[in-house]
Amino acid sequence: MKAFISACIVAIIVAGVGLFVLQSLQVPADVAFSTSSVRLGS
Amino acid sequence: MAKLIAQLRLVAGAMALAIIVAVAAPQVSSAQQPVNPTANAVQEQQLLKSLKTIDGRGTIPDKKSYVLEQPGRDWRHFHQVTLHWIGGIAILGVLALLVIFYLTRGMIRIESGRSGRTVVRFTAVERFVHWLTATCFIILALSGLNITFGRALLLPLIGPGAFTTWSEFAKYAHNYLSFPFTIGVVAIFLMWIAGNIPNRVDVEWLKRGGGMVGHDHPPAYRFNAGQKMIYWIVVIGGTAVAVTGYLLMFPFYGGLGVGDMQIAQVVHGVVAVLFVAAMLGHIYIGTIGMEGAFEAMGEGTVDVNWAKEHHRLWLEDEMGRVGPNESQSQPQARPMATPAE
């Protein structure tokens, strides 16, 4: 049971780290796949 | 004289008009024949069939946005039709086989009963890595199946609002839990590679059906041939979905084009649904399919008689090395009603 609980906690922590890493690397689709002359969204 | 010339001019004009009418008459009659009103229009499907590709010219700087191409239609058909069939047949097929197997064979019991003595099967680190990978896999599988089947199966049940919210969170979980899952797959590969190299014992185990039918107990080391298959499915399948998943998570990086992204999605989808189907078998045999099997990953120990029946060669090695763990008592076997009994 300890192994299972600790595995869940570590999974959440690693996923959280991944969240911050991805936020720093990825850009929104409307920016990534358009030029400066394109206006998307509101 | 002038009057005569005017009359001649009138006659010449009338003749010219008659000639023109005579020449034009056949064309007029043919134009009045009944015609197919769409015969001259471009039929999209006929055009796509007659041409492998439709070349055009775009003015948008981002050429990746040119999706009006035949491979895009092929991919869409795979994504919306073919993958549904592959996944449905694989997953429902395995589920049906497991139900039939359970109804006919029932839970595989420890034939000689519990000895009350246990032996350590998996260490805490091994169990941690297993559950890290397993819990991530279950969430990845459910969120991935939602992408493929959710709109057809779940949306009508819970409505668009709830389905949108669920799908958004599911996609976030799918992205971010891929990291601990990948770590788990790599750790599993390194941790258990030594015990999962195929050998002659596996051939014998497979010839005897792994003891699944009847009361046979073919010998096995720490991992039998069935477990080795699961191991390599996890390692190879896990690597495939991880690599293709990261290609989809970081689209068009490294000069990849639309076609490459489509291949990545096809591989990701097919491997994933087959992966899920295989893991259903693993989950079955590790829980309700075999008495005493879950304890190996639940508590880390197994009954000596269980090990003797299913992993005799491994138990002999362990007993020669450390002996049974007699300090831990095992609960006595409780009779469980199964449909086959």
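B:E291 is a buried residue in this predicted model, because its relative accessibility is 9%; buried means under 20% relative accessible area, exposed over 50%, and partly exposed in between (1.4 Å probe, protein chains only). The model being predicted, local features need a pLDDT of at least 70 and side-chain atom pairs count only at pLDDT 80 or more, whereas totals for chains, interfaces and linings use all residues. Residues are numbered from 1 along each chain as its sequence is written, chains are lettered from A and ligands numbered from 1 in the order in which they are written, and side-chain values use heavy atoms, with hydrogens and water left out.

## Salt bridges of chain B

Over all chains, the structure holds eight salt bridges, each defined as a side-chain nitrogen of Lys or Arg within 4 Å of a carboxyl oxygen of Asp or Glu. In one of them B:E291 pairs with B:R114, and the closest N and O atoms are 3.7 Å apart. B:E291 belongs to the loop between helix 9 (258-286) and helix 10 (294-298) of chain B, and B:R114 to the loop between helix 3 (70-105) and strand 1 (118-120), so this pair ties together parts that are 177 residues apart in sequence. Helices (H or I, at least four residues) and strands (E, at least two) are DSSP runs, numbered from the N terminus.

B:R114 also meets the side chain of B:E295 in a salt bridge, at 2.7 Å from N to O. This pair, too, links distant parts of the chain: B:E295 lies in helix 10 of chain B and B:R114 in the loop between helix 3 and strand 1, 181 residues apart. B:R114 counts as buried because its relative accessibility is 15%, and B:E295 is likewise buried, with a relative accessible area of 14%.

A further salt bridge joins B:E316 to B:R312, with 3.9 Å between the closest N and O atoms. These two residues are four apart in helix 12 (residues 312-321) of chain B and are therefore separated by about one helical turn. Elsewhere in chain B, salt bridges that share partners join B:R109, B:R114, B:E291 and B:E295 into one network.

## Accessibility of selected residues

| Residue | Relative accessibility | Class |
|---|---|---|
| A:I5 | 41% | partly exposed |
| B:Q7 | 44% | partly exposed |
| B:H310 | 11% | buried |
| B:R312 | 34% | partly exposed |
| B:E316 | 47% | partly exposed |

B:H310 is placed in helix 11 (residues 304-310) of chain B. Apart from its neighbours within four places in sequence, B:H310 is in contact with B:I108, B:H217, B:P218, B:A220 and B:M290, contact meaning heavy atoms within 4.5 Å. B:Q7 is found in helix 1 (residues 2-31) of chain B. The C-alpha atoms of B:Q7 and B:R57 are separated by 62 Å, the two residues being 50 apart along the chain.

## Chain B as a whole

Twelve helices and two strands make up the secondary structure of chain B. From the N terminus on, its elements follow the order α-α-α-β-α-α-α-α-α-α-α-β-α-α. Of the 341 residues in chain B, 35% are buried. When contacts between residues at least 6 apart in sequence are considered, 80% of those in chain B join residues at least 24 apart. Chain B exposes about 20,600 Å², of which carbon and sulfur atoms supply 69%; accessible areas come from the Shrake-Rupley method with a 1.4 Å probe, and for residues only the protein chains shown count as cover.

## Chain A and its interface with chain B

A:I5 lies in helix 1 (residues 2-25) of chain A. Together with A:M1, A:I9, A:I13, A:V17, A:V21 and A:L25, A:I5 forms a nonpolar surface patch with about 660 Å² of accessible area in total. Patches are made of residues with over 30% relative accessible area and no salt bridge, like charges being joined within 9 Å and nonpolar side chains (Val, Leu, Ile, Met, Phe, Trp, Tyr) within 5 Å.

In the interface, 17 residues of chain A are in contact with 21 residues of chain B. The two chains, A and B, bury about 1,500 Å² between them, with 79% of it on carbon and sulfur atoms. A:A3, A:L22 and A:F33 supply 30% of the area that chain A buries against chain B, more than any other three residues. Buried area is the accessible area (1.4 Å probe) that two parts lose on being put together, summed over both.

Between chain A and chain B the number of salt bridges is zero.
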